[in-house]
Amino acid sequence: MYYGEIKKNDVANGLGVRVSLFVSGCTHRCKNCFNAETWSFTYGHPFTAETEEELLAALAPSYINGLTLLGGEPFEPDNQRVLLPFLKRVRQRFPEKSIWCFTGSALEPELLQDSPWRCEVTDRLLSQLDVLVDGPFIEERKDISLRFRGSSNQRLLDMPATLEKGEAVLWDAQTE
């Protein structure tokens, strides 16, 4: 897996101050994507053991609320296979920090059922997340007033509650 950028003090992509990893590779190719350079699976830098250590060190300060994954597309199968063991390390070392993920895939039809974005690790990857922002960016539904998303079709899902209930549960900022 490759990544395009690491932001160590990001306040735009989730609640609080976060460390954000922009993975490379995306086959969604949304019209007017804000990060189209990350569509290439070889854009940026290889994700190595040193990269993981850099991210873990960046997550250590108490003022960091958590980790955010974006891209590109974290749910491209090759990216999922690399991200799962890394997220397990993050959870083990920082159980109090939240993990957010942005995906152009919709949860029910694409991540929970057969699709190009579902693979043998998808369910385990979903179980590592606190919030999933799902759905493609749709230019015609662009709304800059929305918090943490670009178009009105996208949802902020509380993943522990969603997985427990077996249906989509929207994330409520009031409970954070």
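Figure 1. Gly72 lies in the loop that links strand S4 (64–70) with H2. In this predicted model, the peptide bond from Gly71 to Gly72 is cis, and its omega is near 20°. As background to this view, most peptide bonds are trans. The C-alpha atom of Gly72 is separated by 17 Å from that of Ala12, and the two residues are 60 residues apart along the chain.

**Figure 2. Packing of helices H1 and H2.** Two packed helices are described by the angle between their axes and the distance between the axes. Here, helix H1 (residues 49–59) packs with helix H2 (residues 77–93) at an angle of about 30°, and the axes are 11 Å apart. Angles under 35 degrees count as roughly parallel, and H1 and H2 are therefore roughly parallel to each other. The crossing in which H1 passes H2 is right-handed. On the H1 side, the contact is made by Glu52, Glu53, Leu55, Leu56 and Leu59; on the H2 side, by Phe86, Arg89, Val90 and Arg93. Sorted by class, the contact of H1 with H2 comprises five nonpolar and four charged residues, with no polar ones.

Figure 3. Strand S1 (2–10) and strand S2 (17–23) pair in the antiparallel sense over five bridges. Within this pairing, Glu5 has Phe22 of S2 as its bridge partner. S1 is also joined to strand S3 (residues 45–46) by two bridges, and these strands likewise run antiparallel. Tyr2 stands opposite Pro46 in S3.

**Figure 4. The hairpin loop between S1 and S2.** The hairpin of S1 and S2 has six residues between the strands. Gly14 in this hairpin takes a positive phi near 140°. Ala12 is found in the loop between S1 and S2. With a relative accessibility of 52%, Ala12 counts as exposed, because the cut-off for exposed is over 50%.

**Figure 5. Phe148, a residue with positive phi in the loop between S6 and S7.** Phe148 is found in the loop between strand S6 (131–134) and strand S7 (155–158). Most residues other than glycine have a negative phi. Phe148, in contrast, has a phi near 65°, a positive value in a residue other than glycine. The relative accessibility of Phe148 is 12%, so this residue counts as buried, the cut-off for buried being under 20%.

Definitions and conventions
Residues numbered from 1 in each chain as written. Predicted model: local features only at pLDDT ≥ 70, side-chain atom pairs only at ≥ 80, totals over all residues. Heavy atoms only, no water. Axes fitted to C-alpha atoms, helices over the stretch in contact; angles between N-to-C directions. Helix = DSSP H or I, 4+ residues; strand = E, 2+ residues; numbered from the N terminus. Parallel < 35°, antiparallel > 145°, perpendicular 65-115°, else oblique. Left-handed = near helix turned anticlockwise from the far one by under 90°. Contact = heavy atoms within 4.5 Å. Nonpolar A, V, L, I, M, F, W, Y, C, P; charged D, E, K, R; others polar. Buried < 20%, exposed > 50% of the residue type's maximum accessible area, 1.4 Å probe, protein only. Pairing = 2+ DSSP bridges.
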